[in-house]
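This report describes the side-chain contacts and backbone details of one protein model. Please look at the sequence and the structure first, then read on.

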Amino acid sequence: MRILCFMLICAALMNVLPASAEDKADYASDFSAGTDGWYPRSMGGASLDVTEDGALWITGRSADWHSPGRDFPLAAGESYRLRVLVRQNELNEARMVLSVAHSKAGVESYENLAFASAKRGEWTELAASYVAGAFERFVLYVETLGAPKLDFEIKEFTLEGKTLSLNQADLPSLKEAYASYFPFGTAVTYMEAINRTRMDFYASQFNIFTPGNELKPDSVLDVPACQKLAAEDETAVAVHLFAAKPMLDYAREKGIPVHGHVLVWHNQTPEAFFHEGYQPARPLVSREVMLARLENYIKAVFEATETQYPGLIVSWDVVNEAVDDGRPTLRDSRWKTVIGEDYVERAFEFARKHAPEGVKLYYNDYNTAYEPKQTGIVDLLKKLQAAGTVDGYGFQMHHDISQPGYSAIEKAFRRIAALGLRLRISELDVTIPDQSEASLEAQAKLYGQVMKLAVSFADQVEGVQVWGVTDDLSWRAKQFPLLFDAAFTPKPAFRAVLEAAGQE
Ligand code: XIL
């Protein structure tokens, strides 16, 4: 059966690699069932709503480029006809622009395609012809010129011309290839989560999500609310889930479980957390206050996620990257300074005490293949295991084709697996220096080796997560570390990962 699946996957791959331009229905916006893949382009302030008469309404803008935008898989060299209607009700006249944001190798650039003056209350047409340049990603959007705060609406956006097809129906799916082993997932950031077209593609490939940044303490700790509470109680903690909401909403809608990342970390944690009154200029709090804040934070995050999204988050990274790089001991951090050497153990105790039933608790770290860090990680895991507070270890696996080399990775994996913990590959990506065939093949080889290793430990592995989907949106975009390029074309590494699922 497995061999048959493998052959089907290979046959399907031959049909889809590389993605090609082909006839596809022209696009006409339809907002009857939601925003239709359109999302607010801004730093988070703007939002989109569908109006009663079926237009898309943008509010909360503070810059001209804050705009309704949508990804279109345009094909370089093809010509397109674009048209959209816009209306605003605040100014006698407003200059409106239809624009394209295109990117290549992670660098975004822009072109204005059509201009029009929209008189108050009048539907006004923006129309343009556009020949797509040699870019990997195209976002079409409607912006203003000199009216950064203007609310406006758009409707009847049409695009005529041949678009690239992702051929999603034929593209083999990672989650299906690995279905008999473990969930195959990806990190998802806010900007990705608000793009429904993109998310639908992710849902076709992956069956577990983890937030790239949005459940880290700097997204979750509500510092102004904590400052107010501290006047009465220095140990009180307030949290919110605003940044993670688009991803959690989508995951809940589609029934896709989520791995939580991360409760306790030395990075992306507000300095205010550690200070009296939550005021960074005031002294550090005592060990006792910080222990109480730690417990209250962990409890509050579990309460918020479980109340708003019951059962959705199936596991959590409780502590991230606590072990030092050059010594087999804990790294220096605010947590260690304020609480002391036992902060990791205490965090796991609190997590065990407050975690919803069945939620698995992980310690997560990088550079596991290197000594003396590896020994530090093993020692820490043993301590937590003895206390019964940890369920698993997450190997981040941010690797490069030149180092640490597969044999060191395998050795580390076997050593930690021998502890008997649950395992996950939590943040897989493999950087390469350029996009030459040799580099892409070397990348594919390492991805394939790592996945075969995971498959050979399938009984112990609870999931593999890549740290992003398309190279252009990776945290290491300049080194092309992921399975798809910016145009969603599967790379050789994608093929290698599928092939690794076919082994006996
Ligand atoms: C990274 C994110 O991908 C970036 O967007 C952010 O700027 C920094 O953090 N180890 C981790 C992840 O556990 O949380 C990190 O994510 C990558 C390294």
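Lys245 has a relative accessible area of 42%, so this residue is partly exposed. The model is predicted, so local features need pLDDT of at least 70 and side-chain atom pairs count only at pLDDT 80 or more, while totals for chains, interfaces and linings use all residues. Residues are numbered from 1 along each chain as its sequence is written, and side-chain values use heavy atoms, with hydrogens and water left out.

**Salt bridges**

Lys245 forms a salt bridge with Asp249 (a side-chain nitrogen of Lys or Arg within 4 Å of a carboxyl oxygen of Asp or Glu). Both residues lie in helix α7, four residues apart, about one turn of the helix. Helices (H or I, at least four residues) and strands (E, at least two) are DSSP runs, numbered from the N terminus. Asp249, at 23% relative accessibility, is partly exposed. The whole structure holds 29 salt bridges, and the table gives some of them.

| Salt bridge | N to O distance |
|---|---|
| Lys245 and Asp249 | 2.7 Å |
| Arg346 and Asp342 | 2.7 Å |
| Asp471 and Lys491 | 2.8 Å |

In the second pair, Arg346 is partly exposed at 22% relative accessibility, whereas Asp342 is buried at 13%. Asp471 and Lys491 are both buried. Salt bridges with shared partners also join Arg287, Asp342, Arg346 and Glu349 into one network.

**Aromatic rings**

How many aromatic pairs does the structure hold? There are 27. Rings of Phe, Tyr and Trp (its six-membered ring) pair if their centres lie within 6.5 Å; planes under 30 degrees apart count as stacked, over 60 as edge-to-face and the rest as tilted. Phe201 and Phe488 form an edge-to-face pair, because their planes are at 80 degrees, with the ring centres 5.2 Å apart. Phe201 lies in helix α4 (residues 196-205) and Phe488 in the loop between β20 (461-466) and α14 (492-500), so this pair ties together parts that are 287 residues apart in sequence. Phe201 is buried at 1% relative accessibility, and Phe488 is buried at 13%.

Phe209 and Tyr250 make a tilted pair, 6.5 Å from centre to centre and with 35 degrees between the planes. Since Phe209 is in strand β13 (residues 208-211) and Tyr250 in helix α7 (residues 245-254), the pair ties together parts that are 41 residues apart in sequence. Both Phe209 and Tyr250 are buried. Elsewhere, ring pairs link Tyr178, Tyr181, Phe182, Phe184, Tyr202 and Phe206 into a cluster.

A charge can also sit over a ring (NZ of Lys or CZ of Arg within 6 Å of the ring centre and within 35 degrees of the ring normal). The charged end of Arg293 sits over the ring of Tyr278, 3.7 Å from its centre, and that of Arg424 sits over the ring of Tyr362, 5.0 Å from its centre.

**Nonpolar cores**

A nonpolar core is a set of buried Ala, Val, Leu, Ile, Met, Phe, Trp, Tyr and Cys residues joined through side-chain atoms within 4.5 Å. The largest one has 115 residues, of which Tyr178, Phe182, Phe209 and Tyr363 touch the most other members. Helix α8 (residues 287-308) gives the most to this core, with nine residues. Another core lies apart from it and has 35 residues, among them Ala46, Leu74, Val84 and Ala118.

**Backbone**

Most residues other than glycine have a negative phi, and most peptide bonds are trans. The peptide bond from His261 to Val262 is cis, with omega near 10 degrees, and Val262 lies in strand β14 (residues 258-264). The bond from Glu371 to Pro372 is cis as well, with omega near 5 degrees. Pro372 is in the loop between β16 (360-365) and α11 (373-387). Asn367, found in the loop between β16 and α11, has a positive phi of about 55 degrees although it is not a glycine.

Notes. Buried < 20%, exposed > 50% of the residue type's maximum accessible area, 1.4 Å probe, protein only.
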